[in-house]
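Subject: Structure handover

Hello,

Here is the structure you were to receive, with my notes below it. Please look through it alongside the text.

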Amino acid sequence: MGLVWMVAAAVAAVLASWAFNALVYLVWRPRAITRQLRAQGVGGPGYRFLAGNLAEIKRLRADTAGAALDVGNHDFVPMVQPHFHKWIPIHGRTFLYWFGARPSLCVADVNMVKQVLSDRGGLYPKNLGNPHIARLLGKGLVLTDGDDWKRHRKVVHPAFNMDKLKMMTVTMSDCAGSMMSEWTAKMEKGGSVEIELSHQFEELTADVISHTAFGSSYEQGKKVFLAQKELQFLAFSTVFNVQIPALRYLPTEKNLRIWKLDKEVRTMLMNIIKTRLATKDTMGYGNDLLGLMLEACAAEGGHNPILSMDEIIDECKTFFFAGHDTSSHLLTWTMFLLSTHPEWQEKLREEVLRECGSEVPTGDMLNKLQLGQHVPTRNSEVIRPCVAHSEECGFGS
Ligand code: HEM
């Protein structure tokens, strides 16, 4: 009987401590954080037990899903982030909102954003919160901080050296060339031809990354990409769900699929890397992103590679994640703008023909193309597309 009482007491103690922690996390902490920030003048939509503001975000997103922007209207925020569009006029450009019980600070003031992004003192560590997305990226550059970030950076940076990138432009133009040959073939068949550009650019950028990252191992690289893309879809489908930690470990249908894909990605990348390492004496590491990364890793670390196999795998995942949607959406948006501004199509075509003649543009020729770098917007501001890598992370600079 004594033993039964002891077990019952132990179970009760564990449950009480669990309930206490849950109460602190779900009730006391949100109240304390809200109070502290209110005292500093930062308001926001109130916290709701467990779900925070997720229900409202989901509802607002559902209301705008499927809506189409007017052709002349570039204001996409009300559609892609309707919650910010609603809250900023009410709570100002800096406010607190809740991803479940996780506090998030929206900073929509450009100067404050600059301050946060340019901070190098470690005041704003990277933190994705969503475990599925964190797993998707692993501990690659995008999610590492401090000394770890510097160590990764040493290995990844040489791969983005301007001369190496220029060499890769041949691969890029080859990929673009074969996409355009397919268009030409379709058009030669006659009749009206409709091409869904955003899909085409998704394919093109996937091809370019697979080739530039994995060179001769392109076929396997493309398979990694497809598995990564499905993982990304599954991870993002949970972004606005309440995250209950225990659910992450349950063998639900979605979790089983995520675990399987994750394992596949890891195994495929490990095989590509092992093959490279095994053939390096005869074939070299290779001039693609992976080869350049492995070379820098060996040069920096000697017998103790500066990055482990898992960390190199995470950097490969990061290339796909960081480089795919960014590049394909930029291309789609550029084409959309050009289609609505035929006068700019003319100017740019004229410049390309003047500088490159009938040749396929090379990396060196790109510097001569000035117009595309300084396109005036409707209100005459000057925008410089895609400076993120020279200003934010120094890639290519
Ligand atoms: C139009 C295309 C692109 C845009 C607009 C873009 C934008 C950005 C931005 C804003 C950051 C900084 C993120 C932060 O610090 O929170 C970043 C980082 C990064 N990007 Fe890109 N990117 C593009 C293409 C690519 C491509 C093609 C790759 C690789 C194949 C890539 C790999 C990375 C990596 C590894 C980082 C992390 C750098 C670091 O922390 O040191 N990106 N990108």
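G146 is found in helix α7, where helices (H or I, at least four residues) and strands (E, at least two) are DSSP runs, numbered from the N terminus. At 47% relative accessibility, G146 counts as partly exposed. For that scale, buried means under 20% relative accessible area, exposed over 50%, and partly exposed in between, with a 1.4 Å probe and protein chains only. C-alpha to C-alpha, G146 is 8.9 Å from R120 in space, and the two are 26 residues apart in sequence.

This is a predicted model, in which local features need pLDDT of at least 70 and side-chain atom pairs count only at pLDDT 80 or more, while totals for chains, interfaces and linings use all residues. Residues are numbered from 1 along each chain as its sequence is written, and side-chain values use heavy atoms, with hydrogens and water left out.

The chain as a whole

The chain has 16 helices and 4 strands. Its C-alpha atoms fill a box of roughly 90 × 55 × 45 Å, taken along the principal axes. Of the 397 residues, 32% count as buried. The accessible surface comes to about 24,400 Å², and 61% of that belongs to carbon and sulfur atoms; these areas come from the Shrake-Rupley method with a 1.4 Å probe, and for residues only the protein chains shown count as cover.

Among contacts between residues at least 6 apart in sequence, 63% join residues at least 24 apart. Contact here means heavy atoms within 4.5 Å.

The chain carries 43 positive and 42 negative charges, and their mean positions are 9 Å apart. Lys and Arg count as positive and Asp and Glu as negative, with His and the chain ends not counted. The place of a charge is taken as NZ of Lys, CZ of Arg, CG of Asp or CD of Glu.

An unreviewed UniProt entry lists residues 6-28 as "transmembrane region". UniProt positions are given in the numbering used here, feature names are shortened, and annotations may be inferred rather than shown by experiment. In the model, the span 6-28 is 100% helix and 0% strand, and its end C-alpha atoms lie 31 Å apart.

L50 is placed in the loop between α1 (2-39) and α2 (54-64). Its phi is near 70°, a positive value in a residue other than glycine. L50 counts as partly exposed, at 32% relative accessibility.

Salt bridges

A search of the whole structure finds 17 salt bridges, a salt bridge being a side-chain nitrogen of Lys or Arg within 4 Å of a carboxyl oxygen of Asp or Glu.

One of them joins R151 to E311, with the closest N and O atoms 2.8 Å apart. This pair links distant parts of the chain: R151 is in helix α7 (residues 146-156) and E311 in helix α13 (residues 309-340), 160 residues apart. R151 is partly exposed, with a relative accessible area of 23%, whereas E311 is buried at 18%.

R349 and E346 form another, the closest N and O atoms being 3.2 Å apart. These two are 3 residues apart in helix α14 (residues 342-356), so they are separated by about one helical turn. R349 is partly exposed at 42% relative accessibility, and E346 is partly exposed at 49%.

E355 also forms a salt bridge with R354, the closest N and O atoms being 3.8 Å apart. Here E355 counts as partly exposed, at 27% relative accessibility, and R354 as exposed, at 54%.

T318 is found in helix α13 and counts as buried, at 5% relative accessibility. Leaving aside neighbours within four places in sequence, T318 is in contact with L137, G140, L141, V142 and G323.

V360 lies in the loop between α14 and α15 (363-366). At 53% relative accessibility, V360 counts as exposed. Not counting residues up to four places away in sequence, V360 touches S173 and M365. V360 and G129 are 231 residues apart in sequence and 44 Å apart in space, C-alpha to C-alpha.

Regards
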